[in-house]
Amino acid sequence: MDLIKTIEERQKNEHALNYKVGDTVKVHFEIIEGKTKRIQIYEGLVIAIKGSGVRKTFTVRKISYGVGVERVFPVYSPRVIKVDVVRVGKVRRSKLYYIRDKVGKGAKVKELVGQKAVEYLKWSRGMTKAAEALEAKINAEEKAEIAAEKSAAAKK
């Protein structure tokens with residue numbers, strides 16, 4: 001048991017959880033299609049954070065072409081590059097499942113305003129600085145791979 005706990009602790013990232021339920025976030029995650037890698041952005045409302053330790057997940061809900069779409073992301077996944085907080089929500093619940101039944105303006109969460117919101121956004125954006133460096137590294141690796149493929153194709 002202790003071996004499993006030590007492995008899980010090594011996989012944790014202290015910069016990963018810089019948001020809370022009710023926030024509107026942009027999740028930058030890595031998609032691998034065949035040999036190509038790219039970063040896709042999924043923007044929506046965090047409606048739940050579940051689990052503990054390395055198994056912690058968060059659910060993001062967005063409306064796409066009039067249809068509600070939810071996606072569950074692992075908090076400590078290496079595929080989740082960074083999470084940007086777009087808007088700070090003012091909520092009093094830990095799970096916002098009631099949003100699924102709401103339509104239009106009723107499906108919105110009030111925005112937290114004032115000094116509390118400003119401090120929270122500063123803290124959250126400070127946490128994403130390390131994640132931005134990782135995203136730039138992935139983009140640079142992808143460009144290098146494309147350049148290497150082009151040069152190999154040119155030699156043939």
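**Exercise 1. Start from Phe73: is this residue buried or exposed?**

*Solution.* Phe73 has 3% relative accessibility, so it counts as buried. Buried means under 20% relative accessible area, exposed means over 50%, and partly exposed lies in between, with a 1.4 Å probe and protein chains only. Before going on, a word on the model: it is predicted, so local features need pLDDT of at least 70 and side-chain atom pairs count only at pLDDT 80 or more, while totals for chains, interfaces and linings use all residues. Residues are numbered from 1 along each chain as its sequence is written, and side-chain values use heavy atoms, with hydrogens and water left out.

**Exercise 2. Work out in which order the strands form the open sheet.**

*Solution.* First, the terms. Helices (H or I, at least four residues) and strands (E, at least two) are DSSP runs, numbered from the N terminus. Two strands pair if DSSP finds at least two bridges between them.

Next, the order. The open sheet has 5 strands, arranged E4-E3-E2-E1-E5 with antiparallel pairing. E4 and E5 are its edge strands, each pairing on one side only. From one strand to the next, the twist averages 40 degrees; for such angles, axes are lines fitted to C-alpha atoms, for helices over the stretch in contact, and angles run from 0 to 180 degrees between N-to-C directions.

**Exercise 3. Find which residues have the most contacts inside the largest nonpolar core.**

*Solution.* A nonpolar core is a set of buried Ala, Val, Leu, Ile, Met, Phe, Trp, Tyr and Cys residues joined through side-chain atoms within 4.5 Å. The largest one has 18 residues, and Tyr19, Val25, Val27, Phe58, Val60 and Phe73 have the most contacts inside it. At least two residues each come from strand E1 (24-33), strand E2 (36-50), E3, strand E5 (80-87) and helix H2 (115-127). E1 gives the largest share, 4 residues. Another core, of 7 residues, lies apart from it and includes Val21, Leu45, Ile47 and Ile99.

With contact taken as heavy atoms within 4.5 Å, and neighbours within four places in sequence left aside, Val27 touches residues including Phe58, Val60, Phe73 and Val80.

**Exercise 4. Decide how the rings of Tyr19 and Phe58 are arranged, then turn to Phe29 and Phe73.**

*Solution.* Rings of Phe, Tyr and Trp (its six-membered ring) pair if their centres lie within 6.5 Å; planes under 30 degrees apart count as stacked, over 60 as edge-to-face and the rest as tilted. By this rule there are 4 aromatic pairs. The ring centres of Tyr19 and Phe58 are 4.8 Å apart and the planes stand at 55 degrees, so the pair is tilted. Tyr19 sits in the loop between helix H1 (2-11) and E1, and Phe58 in strand E3, 39 residues apart. Both Tyr19 and Phe58 are buried.

For Phe29 and Phe73, the centres are 5.3 Å apart and the planes are at 55 degrees, so this pair is tilted too. Phe29 lies in strand E1 and Phe73 in strand E4, so the pair ties together parts 44 residues apart in sequence. Ring pairs link Tyr19, Phe29, Tyr42, Phe58 and Phe73 into a cluster.
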